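Please look over the sequence and the structure shown below before reading on.

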Amino acid sequence: MNTLDPNTWIDSYSDYLYNYAVVRVNNTDIAKDLVQETFFAGLRSAKNFEGKSTERTWLISILKRKIIDYYRKINSKKGKAEVRMNFYESGENEGSWIEERVPQSWNSETEKNIENEELKSQIDVCIDNLPEKYAMVFRMKTIQEFETEEICKELNITPSNLWVIIHRARTQLRSCMEKNWFNK
Amino acid sequence: MFKFLKITCQEANEICNKSQYGEASFSEKMKLEFHIAFCKICALYTKQNKNLTGIFKRKSLDCKEHTHCMSNNDKELLKEKMKQEMSS
């Protein structure tokens, strides 16, 4: 039977929980808050701990719920989500490129130069320009390379939902990289 | 003929993005190939998208080498808050 010992939680689990949160939300302040909320929620519900899982597994399951809550919060956020760009026509020509958003050829010199620190920070800038939920799903799938199934389970979304987000994120990123890097 | 292969640019690029992760089905890939044989814009998009995938891959390698830890300072602060929470 496992037992809980909250006095040791921070020394034993804070790094593990913090790393788990950072790779998902990509923001150190939000990750710190999530870890704190997890420990507090753990204290409050300690009486419900049945000892079937380890302390760490139990705390992670709390953190997972906090991450879903966070995703729901950014998902419902108005404002930034609404500035997302449309690249395709609707109505009669539905699904065709909007003329002024058509991809341009890239300057071949910059295209070759891909081993570059500046390039990596430009990618971060472009990802940060995305609506928050696109950035989160894109990073989890592309940068952290999580399985589709895992992301869907963790964020409680469907695969088709995930692919729509990935598509929009990448289309917007391509356009941002074109303006700020390839054809600068 | 070939009507079943006909898709819009938007659909083509959705498939293109899915296939960057190796997760597009065979019939989806057929549709995409058919589309970009005729559509220069989406052919360019597809080419650039592969290029971006390579760049993201390098970025991913960089990021995954890195494990994030909480600073000792943050841990001490958190311990204080825990103490308060436990005594309240």
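## Two domains in chain A

In this predicted model, the C-alpha centres of domain 1 of chain A and domain 2 of chain A lie 29 Å apart. Domain 1 of chain A runs over residues 6-76, while domain 2 of chain A covers residues 80-182.

The two domains touch one another, with twelve residues of domain 1 of chain A in contact with 15 residues of domain 2 of chain A. Between them, domain 1 of chain A and domain 2 of chain A bury about 1,200 Å², and 58% of this area is on carbon and sulfur atoms. On the side of domain 1 of chain A, the residues that lose the most area to domain 2 of chain A are A:R24, A:Y71 and A:I74, which together make up 50% of what that side buries.

## Polar links and elements between the domains

One salt bridge is counted between domain 1 of chain A and domain 2 of chain A, and a salt bridge joins the side chains of A:R24 and A:E154, at 2.7 Å from N to O.

Turning to secondary structure, the side of domain 1 of chain A that touches domain 2 of chain A receives at least two residues from each of α1 (9-25) and α3 (55-76) of chain A. Of the elements on that side, α3(A) gives the most, with seven residues. By residue type, the side of domain 1 of chain A that touches domain 2 of chain A consists of eight nonpolar, two polar and two charged residues.

## Where chain B meets chain A

The contact between the two chains takes in 52 residues from chain A and 41 residues from chain B. Together chain B and chain A bury about 4,600 Å², with 64% of that area on carbon and sulfur atoms. In chain B, the residues that lose the most area to chain A are B:Y21, B:F56 and B:K59, although together they account for 15% of what that side buries.

Nine salt bridges are counted between chain B and chain A; B:K79 forms a salt bridge with A:D11, in which the closest N and O atoms are 2.9 Å apart. There are also 26 residue pairs in polar contact between chain B and chain A, counted where both residues are at pLDDT 80 or more. The side of chain B that touches chain A draws two or more residues from each of α1 (9-19), α3 (40-64) and α4 (72-87) of chain B, and α3(B) supplies the largest share, 19 residues. Sorted by type, the residues on that side of chain B are 15 nonpolar, twelve polar and 14 charged.

## A closer look at A:K120

A:K120 belongs to helix α5 of chain A, which spans residues 117-128. Is A:K120 buried or exposed? A:K120 counts as buried because its relative accessibility is 13%, and the cut-off for buried is under 20%.

Leaving aside residues up to four places away in sequence, A:K120 touches B:K59 and B:D62. The C-alpha atom of A:K120 is separated by 23 Å from that of A:Y20, a residue 100 residues apart from A:K120 along the chain.

Technical notes
Residues numbered from 1 in each chain as written. Chains lettered and ligands numbered in written order. Predicted model: local features only at pLDDT ≥ 70, side-chain atom pairs only at ≥ 80, totals over all residues. Heavy atoms only, no water. Domains from an automatic or database assignment. Contact = heavy atoms within 4.5 Å. Buried area = accessible area lost by both parts, 1.4 Å probe. Salt bridge = Lys/Arg side-chain N within 4 Å of Asp/Glu carboxyl O. Helix = DSSP H or I, 4+ residues; strand = E, 2+ residues; numbered from the N terminus. Nonpolar A, V, L, I, M, F, W, Y, C, P; charged D, E, K, R; others polar. Polar contact = N/O pair within 3.5 Å; in protein donor to acceptor, adjacent residues only side chain to side chain. Buried < 20%, exposed > 50% of the residue type's maximum accessible area, 1.4 Å probe, protein only.
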